[in-house]
Amino acid sequence: MEIQSRKEAGATVVALSGRMDALTAPEYEKKLRELIDQGEIRFVADLAGLDYISSAGLRAILTIAKALKAKDGRISLANLGGTVREVFDISGLGSLFQIHDSVAAAIAGLY
Amino acid sequence: MVNFDVLICPAALESLPRVIAYVEECAGRCALAGPKTARLTIAVEEAFVNICHYAYPDGKGDVAVACAHDARGPRAFTVELKDKGAAFDPLALRPPAESDDILDRPVGGLGVAMMRRFCDEVVYRREGEWNFLRLVVVVPQAAEPLS
């Protein structure tokens, strides 16, 4: 899985691509924790490039969301498609997150 | 019935890419493609990861993964995972009742929900020293095998 991060309009956009599975999900946690340690607290996870997500990926996303909440931070999600969207819906996690159709809308929703 | 060669690998997360690649290749040869394959491989991961977590609490062990395709009748594509670990019915893991529960529940309950949703049939059985977990998806009738 590839993870790219950039700053946009005061938020940190983390773009994931490839597969988020039990082996790669820890990379997401590690990267986000590094960014949080650097003081970032407003995040958008852009999942447009994600082909695949399993329950391990959901747990990693939820773990970071909880860590952020404890610091008064937030993360919203953008561009969930296909099977990724389905996995979120089955898990019920869809109701825990702000989910948007674009990064711009997700950033706006953070404020 | 077409039985593909069995994949045997350690019950460890590092084996996951091999397991998924194996299932995708077998599924591709049966013209099971697109979203149904994607969902099946998620189910296989969930099953495999549960075995990694629970089958061999005292050490290491192997998992055998076997794909099979029944081209007649309902045209079922089957993935069976077999391990010689502790007797453990992964289907007994309770899915989290609420989303917030996910991190507090033992790993695996959410995976079971995925397996049940993404497969047409999920069956566990214990035979002697072996755990067997069978995942079945039915291939739509319209699909023809690639030659």
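Start by selecting A:E86 and B:R39: their side chains form a salt bridge, 2.9 Å from N to O (a side-chain nitrogen of Lys or Arg within 4 Å of a carboxyl oxygen of Asp or Glu). Before you go on, note that this is a predicted model, where local features need pLDDT of at least 70, side-chain atom pairs count only at pLDDT 80 or more, and totals for chains, interfaces and linings use all residues. Residues are numbered from 1 along each chain as its sequence is written, chains are lettered from A and ligands numbered from 1 in the order in which they are written, and side-chain values use heavy atoms, leaving out hydrogens and water.

Next, show the side of chain A that touches chain B. β3 (42-53), α2 and α3 (82-91) of chain A each give at least two residues to this side (helices, H or I, at least four residues, and strands, E, at least two, are DSSP runs numbered from the N terminus). Color α2(A), which brings the largest share, seven residues.

Now widen the selection to both chains: 23 residues of chain A are in contact with 25 of chain B (heavy atoms within 4.5 Å). Pick out A:L23, A:R59 and A:I90, which supply 30% of the area that chain A buries against chain B, more than any other three residues (buried area is the accessible area, 1.4 Å probe, that two parts lose on being put together, summed over both).

What else does α2(A) do? Select 55-70 of chain A: α2 supplies the largest share of the lining of the largest pocket, five residues. Finally, zoom in on A:A65, A:K66, A:K69, A:L96 and A:F97, the lining residues nearest the pocket's centre (on a 1 Å grid over the protein atoms alone, a pocket is an open set of points where a 1.4 Å probe fits, with protein on both sides within 12 Å along at least five of seven lines; lining residues have an atom within 4 Å of a point).
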